[in-house]
Amino acid sequence: MENKDMENQEQIKEIINEQESGTAADEKKEVDEITALRDELEKQQEENKKYYDLYLRSLAEMDNFKKRSARDKEEYSKYAATPLIKKLLPVMDDLERALTQFNSSKDLEALSKGVEMIARKLQEVMNSEGVEQVEALGKPFDPEYHQPLLVEESDEHPENTIIEELQTGYTLHGRVIRPSLVKVSK
């Protein structure tokens, strides 16, 4: 029996040793897992920091783009009329020459002809920019193109016909920019 007890004691010692070595292995395994998780966490934190920096840079770039676009738009609006003004400058020069000539000679007929030429030149510039006169006289009244200023009874004209144009209307590329002021028959 003593042998048996010794065998049992040895078996118990082996079991305890196995458990202790298994526990140590388990602890080592847990420590390795914790270390691996810490390393992974650090790697993820570095990656997050990198992406956050990229995000901040993108925000700054977008803000700069908005400011640059606003500045460009303002500058474009400020100087958009430059081509039209360059076309009008020769007309202005002709008008100044006509006035200077009139002041020195007092010739009304020459002034009248000069002003007519300037008016034609101005009309050409406007036409080249897409501005057209609204035809009104003798046409049926159209509230889109005409604004009635007076209504007059007339036996000579059908009802709602424009019998006099008091101010010329204009369109720009087909869109009314100023309606004609007209007298309409009743």
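**Entry 1: Arg178**

I began with Arg178 and asked what it touches. Leaving aside neighbours within four places in sequence, Arg178 is in contact with Gln167, Thr168, Gly169 and Tyr170, where contact means heavy atoms within 4.5 Å.

I found Arg178 in strand 5 (residues 175–178). Helices (H or I, at least four residues) and strands (E, at least two) are DSSP runs, numbered from the N terminus. At 32% relative accessibility, Arg178 counts as partly exposed; buried is under 20% relative accessible area, exposed is over 50%, and partly exposed is in between (1.4 Å probe, protein chains only). I also looked up the C-alpha separation of Arg178 and Gln133, 45 residues apart along the chain, and it is 9.5 Å.

**Entry 2: what kind of model this is**

A reminder to myself: this is a predicted model, so local features need pLDDT of at least 70 and side-chain atom pairs count only at pLDDT 80 or more, while totals for chains, interfaces and linings use all residues. Residues are numbered from 1 along each chain as its sequence is written, and side-chain values use heavy atoms, with hydrogens and water left out.

**Entry 3: the whole chain**

I noted 3 helices and 6 strands in the chain. Read from the N terminus, the elements run α-α-α-β-β-β-β-β-β. Of the 186 residues, 14% are buried. I looked at contacts between residues at least 6 apart in sequence, and 59% of them join residues at least 24 apart. The chain exposes about 15,700 Å², and carbon and sulfur atoms supply 53% of that; the areas come from the Shrake-Rupley method with a 1.4 Å probe, and for residues only the protein chains shown count as cover.

Next I checked the length of helix 3 (residues 108–128). At 1.5 Å a residue, its 21 residues should span 30 Å, and the end C-alpha atoms are 30 Å apart, which agrees; the expected span is 1.5 Å times one less than the number of residues.

Which residues of helix 3 are buried? I listed Leu111, Gly114, Ile118 and Val125. They cover an arc of only 65° around the axis, which puts them on the same side of helix 3; the arc is that of the directions from the helix axis to the C-beta atoms. The face turned away from the buried side carries the exposed residues Glu109, Lys113, Met117 and Glu124. Helix 2 (82–105) is included in what covers the buried residues of helix 3.

The largest nonpolar core has 6 residues, namely Val91, Ala98, Phe102, Leu111, Ile118 and Val125. Helix 2 and helix 3 are the elements that give two or more residues to this core. Such a core is a set of buried Ala, Val, Leu, Ile, Met, Phe, Trp, Tyr and Cys residues joined through side-chain atoms within 4.5 Å. Not counting residues up to four places away in sequence, Leu111 touches Ala98 and Phe102.

At the start of helix 3, I saw a side-chain oxygen of Asp107 reach to within 3.3 Å of the backbone nitrogen of Glu109.

**Entry 4: phi values**

Lys106, in the loop between helix 2 and helix 3, has a positive phi of about 60° although it is not a glycine. His173, in the loop between strand 4 (170–172) and strand 5, has a positive phi of about 50°. Lys106 is exposed at 55% relative accessibility, and His173 is exposed at 66%. Gly130, which follows helix 3, has a positive phi near 95°.

Is Ser154 buried or exposed? Ser154 is buried, with a relative accessible area of 15%, and lies in the loop between strand 2 and strand 3 (162–167). A polar atom of its side chain lies 3.3 Å from the backbone nitrogen of Glu156, and one lies 3.3 Å from the backbone nitrogen of His157.

Ser185 sits in strand 6 (residues 180–185) and counts as buried at 1% relative accessibility. Leaving aside neighbours within four places in sequence, its contacts include Ser154, His157 and Ile163.

Note on methods. Polar contact = N/O pair within 3.5 Å; in protein donor to acceptor, adjacent residues only side chain to side chain.
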